[in-house]
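This briefing walks through selected local features of one protein model, grouped by topic. Please read it with the sequence and the coordinates at hand.

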Amino acid sequence: MKIKDYIEKLDSYIPGFQPDSNDEEVIKLNANENAFLPSPKVFEALKNLEPNKLRLYPEARSEELRKAIAKVYNVKSSEVLCGNGSDEIIGLIIKVFLAEGEKLATPYPTYTVYKSSASMEGVKCVFVKTDNEFKIDIPGLLKENAEAIFIVNPNAPTGVFLSIGEIKTLLNTYDGLLVIDEAYMDFCTEDATMIKYINEYDNLIVLRTMSKSYSLCGARVGYCFACEKLIAYMDKCRDSYNLNYISQTIACAAMQDEVYHKETVKKVIENRRYLSEKLIELGFEVIPSQTNFLLCKPPKNKIASEIMNELIKVKIYIRYFSSEMLDDKLRISIGTKEEIDKLIKSIRDIL
Ligand SMILES: Cc1ncc(COP(=O)(O)O)c(C=O)c1O
């Protein structure tokens, strides 16, 4: 049997380590999950699930969820598409809009799923390095003449963000597909979302997820916004029942609880400031972040990977990347105040 050459060579995405979730001593700050519980409305929705509905296929278009999202973001439901996590939508976008042998450009460093999803379709992923402060090089991205550009805004794993003006400058000279992945946008204190421009630019897709600010990683719900024409192409190609009944139901409940969502985001932003101050007190260099994580460099002579390994011994998990520009740094997701205090105490002991 013949396997496609690019599948044979594929380096698939390596997710963050998942420690035993039943161990109450574990502090998990390695996957940018939310430290706070989902909305109480999600608990209520879970209680009211109807087992009989599991016998049937779920609603194919996730129409109720599209409507709930459209209401919150003030767009038409025909400008929304839901996916089994935004990772599914990333794969779908590449499948629909890029052909084998074409090119996708993205900053470096960034979310590495873009490269694996591109490789799965035989699409080449080229990286354009950010500067020393992790600022994204827009002219550099344009120079690649790629069929698509993917930008995480605010970027991961750096936390650095681009303004609407900077993205518009790119859009005004680029006629390929621009995907702005706003997975962390709810934690950004500036108004930088591109959702309101989906009808001004028919080559723009804005990606969101319920994994981060809605605390629903485990439900796998992502969504994106684009003009009706682009959404219709994606709808043609997605799995017919890409969101299961349980996820659709609880995602609707979470989306409708805007008050709780705002409160959670506020707590994460407060804790981000708290963690940043504590790390700076310990001598860390902290990259200013607009997300639910901090990228930071340990004080002189301290090796990032060693700190991560020492923390594992006390069941605290943070993320280390051995790649260029990141190998002297650590990425720490924002926890509760209690988790942050335990982390800081352990780091102090290690130092
Ligand atoms: C930038 C970015 N986009 C997308 C995702 C995936 O989100 P989801 O859980 O919706 O698949 C992540 C997850 O960490 C991410 O960091």
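Is Cys224 buried or exposed? In this predicted model, Cys224 is buried, with a relative accessible area of 0%.

**Cysteines**

- A search of the whole structure finds zero disulfides, and Cys217 accordingly takes part in none, the nearest cysteine sulfur being that of Cys82, 17 Å away.
- Cys217 is partly exposed, as its relative accessible area is 23%, whereas Cys224 is buried, at 0%.
- For Cys224, the closest cysteine sulfur is also found in Cys82, but the separation of 8.4 Å is too far for a bond, given that a disulfide requires the two sulfur atoms to be within 2.5 Å.

**Helices H10 and H12**

- Helix H10, which covers residues 258-281, and helix H12, which covers residues 337-350, have axes that come within 10 Å and cross at roughly 15°.
- Because the limit for this class is under 35 degrees, that angle makes H10 roughly parallel to H12.
- The crossing of these two helices, H10 and H12, is right-handed.
- On the H10 side the contact is made by Glu270, Asn271, Tyr274, Leu275, Lys278 and Leu279, and on the H12 side by Lys337, Ile340, Asp341, Leu343, Ile344 and Ile347.
- Sorted by class, the residues in the contact of H10 with H12 are seven nonpolar, one polar and four charged.

**Helices H3 and H9**

- Helix H3 (residues 63-73) packs with helix H9 (residues 245-256) at an angle of about 15°, and their axes are 9 Å apart.
- This angle makes H3 roughly parallel to H9, and the crossing in which H3 passes H9 is left-handed.
- The residues of H3 that meet H9 are Glu64, Leu65, Ala68, Ile69, Val72 and Tyr73, and their counterparts in H9 are Ala251, Cys252, Met255 and Gln256.
- By class, the contact of H3 with H9 comprises eight nonpolar residues, one polar residue and one charged residue.

**Cis peptide bonds**

- Tyr108 and Pro109 are joined by a cis peptide bond with omega of about -5°, and Pro109 lies in the loop that runs between strand S3 (103-108) and helix H5 (113-120).
- A cis peptide bond also joins Asn153 and Pro154, again with omega of about -5°, and Pro154 is placed in the loop between strand S5 (148-152) and helix H7 (164-173).

- Ser62 has phi near 50°, a positive value in a residue other than glycine, and its place is in the loop between helix H2 (40-47) and H3.
- Ser62 is buried, with a relative accessible area of 1%.
- Lys315 has phi near 65°, likewise a positive value in a residue other than glycine, and is found in the loop between helix H11 (304-313) and strand S11 (316-317).
- Lys315 is partly exposed, with a relative accessible area of 28%.

- Asn32 lies in the loop between strand S1 (27-28) and H2, where the residue is buried, with a relative accessible area of 1%.
- When its neighbours within four places in sequence are left aside, Asn32 is in contact with Tyr184, Lys212, Asn292, Phe293, Arg331 and Ser333.
- Asn32 and Tyr241 are 209 residues apart along the chain, and their C-alpha atoms are separated by 27 Å.
- Lys143 belongs to helix H6 (residues 138-143) and is exposed, with a relative accessible area of 68%.
- From C-alpha to C-alpha, Lys143 and Ala105 are 9.6 Å apart in space, with 38 residues as their separation in sequence.

Note on methods: Residues numbered from 1 in each chain as written. Predicted model: local features only at pLDDT ≥ 70, side-chain atom pairs only at ≥ 80, totals over all residues. Heavy atoms only, no water. Axes fitted to C-alpha atoms, helices over the stretch in contact; angles between N-to-C directions. Helix = DSSP H or I, 4+ residues; strand = E, 2+ residues; numbered from the N terminus. Parallel < 35°, antiparallel > 145°, perpendicular 65-115°, else oblique. Left-handed = near helix turned anticlockwise from the far one by under 90°. Contact = heavy atoms within 4.5 Å. Nonpolar A, V, L, I, M, F, W, Y, C, P; charged D, E, K, R; others polar. Buried < 20%, exposed > 50% of the residue type's maximum accessible area, 1.4 Å probe, protein only.
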